[in-house]
Amino acid sequence: MRVTKYLYGISIIGLAWPGLAFAETRYADAETGLSTEAEEEAGGAAASITVNGERLNKETSVLPTRAPTSIYGTAEPILNIPRSVTEINAEQLTKDIITSSDDLAKYAPGITRGGGQNAGIAPQLRGQASEVFQDGQRGYAVRHPANFNAYEGADIVAGPSSVIFGSVTGSGGYINYISKKPDFDQRRSSLSTRIGTLIPDGDSKLAFTVTGDDTGPISDTLAYRTSVTVQKQDDYYDNVKNNYYALYGALAWKPNSQFRADLNFSYDNYYDWNVTHGWNRATQELVDDGLYYAGRATPVIQNGSTYWSPVFASGAADSATQGWVRRARNADGQYVVVPGSFQTASPNTQTSPGTVRGWVYDPSLEGNELVKLSRQRSQRAEDKSTAKRVTAQLRLNYEFDENTSLVNSTFYQRSNDVTDATGSFNVQSRDRIFDNRLELRHHFENLFGLDIDDDSNTGIVYRRETNRSIAANNSFFNIYAYDLTLDPSTKNPGDLLGLTGSNPNGGNAAWIGTAGVPQYSSSLGWLNLPPMYYAGDGLYAESVASYTSQSKWSTTTIFTQHNLKFGTFAGLNAGASHSWVDAAIRNPFVLPGGSDRADSGLYKLYSVQVSPYVKPTANTTIYFTYDRSIAINTGGFANGLSWGSGAAANLLNPLQFKSLSELYEVGLKAEPIAGQLFFTLAGFRQARDQSPDQFNNIARLKVKGIETTLRYQPSETWRTGVNFNYLSAYNEYTSQAGFAPRGFVPDNGTVFSDSNVLNQLPAGRYDAVQIPKYNLSGYIDWRHPSGFGAELSGWLTSPWYLNLSKTVRIPTSYNLDLGVFYRQPRWNAAIQVLNLTDQLNFVSGLAGSTNAFLQPTRSRSIVAQFGVNF
């Protein structure tokens, strides 16, 4: 006798013999839990028996319970999707501690920690930037603290997005956040709070997050959902705040069985938060023993064709300048002191001011020494960033019959962001997105009279994007020269350079005085500094820069996607799209008497994807995927277009519209024990022209790797997830315009913070750094029927290098987190211990191979959580 047993979203068909594995698994609609095929199996055969078994709880199951539409638009079971996809359930998103995109590595392979700067929920996937989607529509990963008030799940998809989404910048992958949906069945409410952070071996911090959620039916055809989160958090790191409040609302309308409308709206106000840069002066001593080279760095100042350095009395920040010495480049690229060149008079006069080109560190200077540095040492209290975001989304779905539906999805996002850090890194950015996708979805059966089905999706996308970015990076490279053992308030160019003038407009960058006019330093004489001009609200900006721009572009894309199934043994997913782009750029910060730069252009883009697969068994899929696309690359400090360089400095950067992406991937997916064990394995090669950086450099990254996942849930008592990946990447071309091309070397000759002006290292092919070759992460969750439970999670990474010169090597690292909880239907409580063994671990403080900052991860920390349902 054959038995059909229904779990949530899964129909399992097999022989009714004890202990025998089920023979076939079919995924069903995420709303009903039953597929048409399953219903036919249940009611169409006299020899079949339907057993109403327990459904998998989609909010807590670590097995894939959704048939995601975030890849092709059509609902496909993960087992049959020829791409690397992992799911995050509602419980993980709300009860796990996710402070940045780095923490998402617990759920998926291929995620590289680092570069998040305490901002953003878009992880680095396969060594590359990724994108943020909401319910299948691309938003912007604007910089702000992690906030999941509007979401109840997520899909992490590695590799370029499907053709149905049009041109996408981040080809490393994307994370599709699933918005909270109204409940038509019953009224449900919850209130949860997180309190922290107790730090046994450091300074504990006050932090709380409170979330209230309410949903239920208004009538038989209308339901609602609301959610509010308030967070006030002093982060683990000194002077770092993550304060915000978030509002979310959703309505769902089902007037009949054919039509459904879903509308949601969110408003997030991140009114006080900080980016983190990590530790400068990174050395092997800092990694191995936590020892930091404290004391004063010595500037290298160009005056005419000669390079000079002051001779300080000591390493104290306020020590006197005793004289000056000339420096010259030697055969090893160092700038060493010229013997006999000492003089007492400063070469930097008001009529002949000098320009700071870089820095060296003299370990023989009295007071310059190795000291222990607290891993909580971070930013200055004067820095304050803000971000406001409004999103609205409307989805209309009309089903003509069981095989044909018309879907229209409209997404709007409005973001206003201000980054204000170290008195020199100022960005005012404004983003607007309007995205509309019209899709005709049709299921063709028995094509050409053969056993061939086609789940097709054909449509058109209109997307309009605008960005205004008024930015400044004045003397930001000096960040590598600061002494982190001093008062954090001195972490700004004014104090570092001893400047005495001040701009009457005030603000964090008032040290600039009058822009373009030489400024007097009490220790260095008269200096030329890159000009910044007052831009309002206490901020300053550069007028002519690649990242100061107002850009707008509209993209019209036509696409078609076909998911063919040849019986039950093979399939072919194929799609193509063509896009037309109308783009324009101008300067939004024109100085009085300055010229108004502007340019526009029309561009054509395309993409194609082909993915054949075979199914040796009903629960096994072997696939190959090829993806090739031309895309738009946005860059700079925001999500906008940037200017060209050189002769094209007043034109659109043409490379932004010629970014070639290619993917070759082969994979295996299997469910050896239906409803209990799920396994994936994928190998890939990817290449992508990277986004323009703030210097208009564009690199091509090539990466190959292997990634695998395992999910095992034999019962409601045990849940296990394991992720592993191998990544090997190199930049086919990379410039050396970074903070410390040769690294920080305390020898009074190796220059850092020069943007390669003095080091003059050549561009070329370099192994990608800051990417561990091997990453292992996982968790095991145990739940007793009484409500008590515990989860142990952790990660392990192989060694990696911090910079292209490979002067700093991070050894094999690991971390363990332990959570102990008690959960009842009406209430729950948990204690979570982060970094259980108190390891000193690091991630890169800034993403990118030319940056060389180390961010220590948190020491042992304890956080409490409480929740009530009613």
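This is a predicted model: local features need pLDDT of at least 70, side-chain atom pairs count only at pLDDT 80 or more; totals for chains, interfaces and linings use all residues.
Residues are numbered from 1 along each chain as its sequence is written, and side-chain values use heavy atoms, with hydrogens and water left out.

The structure holds 33 salt bridges. A salt bridge is a side-chain nitrogen of Lys or Arg within 4 Å of a carboxyl oxygen of Asp or Glu. One of them joins Asp155 to Arg66, with an N to O distance of 2.5 Å. Asp155 lies in strand β10 (residues 151-158). Arg66 sits in the loop between β4 (48-51) and β5 (85-88), so the pair ties together parts that are 89 residues apart in sequence. Helices (H or I, at least four residues) and strands (E, at least two) are DSSP runs, numbered from the N terminus. Both Asp155 and Arg66 are buried. Buried means under 20% relative accessible area, exposed over 50%, and partly exposed in between (1.4 Å probe, protein chains only).

A second salt bridge pairs Glu91 with Arg823 at 3.2 Å, N to O. This pair links distant parts of the chain: Glu91 is in helix α2 (residues 90-95) and Arg823 in strand β45 (residues 813-823), 732 residues apart. Glu91 counts as buried because its relative accessibility is 13%. Arg823, at a relative accessible area of 22%, is partly exposed. Glu91 and Arg823 also belong to a network of salt bridges with Asp781 and Arg783.

Asp435 and Arg463 form a further salt bridge, their closest N and O atoms 2.8 Å apart. Asp435 is in strand β26 (residues 425-444) and Arg463 in strand β27 (residues 452-473), so the pair ties together parts that are 28 residues apart in sequence. Both residues, Asp435 and Arg463, are buried.

The sheet is considered next. Strands of a sheet pair through backbone hydrogen bonds, either parallel or antiparallel. Here, seven strands form an open sheet with mixed pairing, in the order β21-β20-β19-β18-β22-β29-β28. Its edge strands are β21 (335-337) and β28 (519-521), each of which pairs on one side only. From one strand to the next, the twist averages 45 degrees. Axes are lines fitted to C-alpha atoms, for helices over the stretch in contact, and angles run from 0 to 180 degrees between N-to-C directions. Two strands pair if DSSP finds at least two bridges between them. β28 and strand β29 (residues 525-528) pair in the antiparallel sense over three bridges. Ser521 stands opposite Gly525 in β29.
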